[in-house]
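Please read them with the structure open.

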Amino acid sequence: QVQLVESGGGLVQAGGSLRLSCAASGRISRFNAMGWYRQAPGKQRDLVAAIRSGGSTSYADSVKGRFTISRDNAKNTVYLQMNSLKPEDTAVYYCNARIYTLERPVDYWGQGTQVTVSS
C-alpha cells in the first residue's frame, strides 16, 4: 500500500515562500510521475506541478517562474518550493503519485496540507 504524507503548509504573507514535502512509503522511482495538485474551496482540484520518472517537469501557467518541483530519490521525497506567493495560491495542496498500467493510470494521494497566503 502506498502512503504519501505531505508537510510544510501553513500561513504566509503575500510575497513569502514555503516548501512543501511529500514523503512516500517505499521507492519513489517506481512511480511514472509525481505531482502536486491544489484545491481551493468550491473549485476543482488542479495540477500545479509534475515531475516524471525521467526528470522532466511541467507547471501550471499560474505558477511558472515561482514554483519549483524536485525530488530526492534517496529520501523518497518530492518537494514543491513556492516563492512569491499570492493570495490566489491559497488552497489545500495534495501530493500525487501515478503508475501507468496496461488498463489505466493508478493514482495515489496524500491527505493534503493547507497553504494560506494573506494579503
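**Notes on the predicted model**

1. Tyr108 is partly exposed, with a relative accessible area of 22%. Phe31, by contrast, is buried, at a relative accessible area of 3%.

2. How many aromatic pairs does the structure hold? There are two aromatic pairs. In one of them, the ring centres of Phe31 and Tyr108 are 6.4 Å apart and the planes stand at 50 degrees, so this pair is tilted. The edge-to-face class needs planes over 60 degrees apart. Phe31 belongs to the loop between strand S3 (18-24) and S4, while Tyr108 belongs to strand S10, so the contact ties together parts 77 residues apart in sequence.

3. The rings of Tyr37 and Trp109 also pair: their centres are 4.9 Å apart and their planes are at 70 degrees, so the arrangement is edge-to-face. This pair, too, links distant parts of the chain, with Tyr37 in strand S4 and Trp109 in strand S10, 72 residues apart. Tyr37 is buried, at a relative accessible area of 15%, whereas Trp109 is partly exposed, at 36%.

4. Trp109 has a further contact, with a charged side chain. Arg45 lies over the face of Trp109, at 4.7 Å from the ring centre. Arg45 also lies over the face of Tyr94, and there the distance to the ring centre is 3.6 Å.

5. Which strands are joined to S9 by bridges? Strand S4 (residues 33-39) is joined to S9 (residues 91-100) by seven bridges, and the two run antiparallel. Within this pairing, Trp36 has Cys95 as its bridge partner. Strand S10 (residues 105-109) is joined to S9 by five bridges, again antiparallel, and Ala97 has Tyr108 as its partner in S10.

6. S3 has bridges to two other strands. Four bridges join S3 to strand S1 (residues 4-7) in an antiparallel arrangement, with Val5 opposite Ala23. Six bridges join S3 to strand S8 (residues 77-82), also antiparallel, and the partner of Leu20 in S8 is Leu80.

7. The largest pocket has a volume of about 230 Å³. It is lined by 16 residues, and those closest to its centre are Arg38, Ala40, Lys43, Asp46 and Glu88. S4 and strand S5 (46-52) are the elements that give two or more residues to this lining. S5 supplies the largest share, three residues. By class, the lining of the largest pocket divides into seven charged, five nonpolar and four polar residues.

8. To draw the points on S10 together: Tyr108 pairs with the ring of Phe31 and is the bridge partner of Ala97. Trp109 pairs with the ring of Tyr37 and has Arg45 over its face.

Conventions. Residues are numbered from 1 along each chain as its sequence is written. This is a predicted model: local features need pLDDT of at least 70, side-chain atom pairs count only at pLDDT 80 or more; totals for chains, interfaces and linings use all residues. Side-chain values use heavy atoms; hydrogens and water are left out. Two strands pair if DSSP finds at least two bridges between them. Rings of Phe, Tyr and Trp (its six-membered ring) pair if their centres lie within 6.5 Å; planes under 30 degrees apart count as stacked, over 60 as edge-to-face and the rest as tilted. Buried means under 20% relative accessible area, exposed over 50%, partly exposed in between (1.4 Å probe, protein chains only). A charge sits over a ring if NZ of Lys or CZ of Arg is within 6 Å of the ring centre and within 35 degrees of the ring normal. On a 1 Å grid over the protein atoms alone, a cavity is a set of points where a 1.4 Å probe fits but cannot get out, and a pocket is an open set with protein on both sides within 12 Å along at least five of seven lines; lining residues have an atom within 4 Å of a point. Grid points are joined across faces, edges and corners, and a volume is the space filled by probe spheres set on the points. Ala, Val, Leu, Ile, Met, Phe, Trp, Tyr, Cys and Pro count as nonpolar, Asp, Glu, Lys and Arg as charged, and the others, Gly among them, as polar.
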